[in-house]
Amino acid sequence: MRIVATIAEKAALAGLPFLIIGGNAVIAYGYPRQTVDVDFLVRDSDRKKWDELILALGYRAHQIHPVFHMYNPISQENPAVDLMLVNEGTFTKLSVQTTDTLLGGVTVKIPSLRNLIALKLHALRHGGEHRHTRDFLDVVELAQLNQVDLAAPEYVEILERHATPAIVAEIKARYSGP
């Protein structure tokens, strides 16, 4: 995944901050699952610059939506790249608590475990049925592997804010943590 190093280098030169989210962030927290793309969390205000950067690296737009952009590589040696677009406040909030991880030969930042779980719960609530199993398993496995106490006030608040009562019940039925 040398493309991550290339994107990180080009983003730094352009002054474009990002966080790695999605499957690669989940893997960094100990849940070894398959992923076929690289997901970047970026500021919506930088949308145009990110589009230019990704297209210049040999990608073509696959799906462009107000909150995410998906790109497929022209060369099959590179993974797909997805951008999740968030407002400045959300980006700043998620950027304050990060963890460094090595990906594609370069150190990148991923959201804190708590914030990654919140992002996954948000995806569960709003991402559609096609994402449910993957995001649900990500939440349960991340919590179990990292011994998260879902009854702790910080996680109760995240569950109440980002999950439906049905999702919370489903997680608690599958979760066997502390």
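Author: The side chain of Asn-24 reaches the backbone oxygen of Asp-37, at 3.2 Å. This is a predicted model. Asn-24 sits in helix 2, residues 22-28. Its relative accessible area is 9%, so Asn-24 counts as buried, the cut-off being under 20%.

Now the helix pairs. Two packed helices are described by the angle between their axes and the distance between the axes.

Take helix 5 (residues 113-126) and helix 7 (residues 153-162). Their axes come within 9 Å and cross at roughly 20°. Angles under 35 degrees count as roughly parallel, and helix 5 and helix 7 are therefore roughly parallel to each other. The crossing is right-handed. Helix 5 brings Leu-113, Arg-114, Ile-117, Ala-118, Leu-121, His-122 and Arg-125 to the contact. Helix 7 meets them with Glu-154, Tyr-155, Glu-157, Ile-158, Leu-159, Arg-161 and His-162. The residues of this contact divide into 7 nonpolar, 2 polar and 5 charged.

Next, helix 6 (residues 129-145) and helix 8 (residues 165-174). Here the axes come within 10 Å and cross at roughly 50°. That angle makes helix 6 oblique to helix 8. The crossing of helix 6 and helix 8 is right-handed. On the helix 6 side, the contact holds His-132, Phe-136, Leu-137, Val-139, Val-140 and Gln-144. On the helix 8 side, it holds Glu-170, Ile-171 and Arg-174. The residues of the contact between helix 6 and helix 8 divide into 5 nonpolar, 2 polar and 2 charged.

Terms used
Residues numbered from 1 in each chain as written. Predicted model: local features only at pLDDT ≥ 70, side-chain atom pairs only at ≥ 80, totals over all residues. Heavy atoms only, no water. Helix = DSSP H or I, 4+ residues; strand = E, 2+ residues; numbered from the N terminus. Buried < 20%, exposed > 50% of the residue type's maximum accessible area, 1.4 Å probe, protein only. Polar contact = N/O pair within 3.5 Å; in protein donor to acceptor, adjacent residues only side chain to side chain. Axes fitted to C-alpha atoms, helices over the stretch in contact; angles between N-to-C directions. Parallel < 35°, antiparallel > 145°, perpendicular 65-115°, else oblique. Left-handed = near helix turned anticlockwise from the far one by under 90°. Contact = heavy atoms within 4.5 Å. Nonpolar A, V, L, I, M, F, W, Y, C, P; charged D, E, K, R; others polar.
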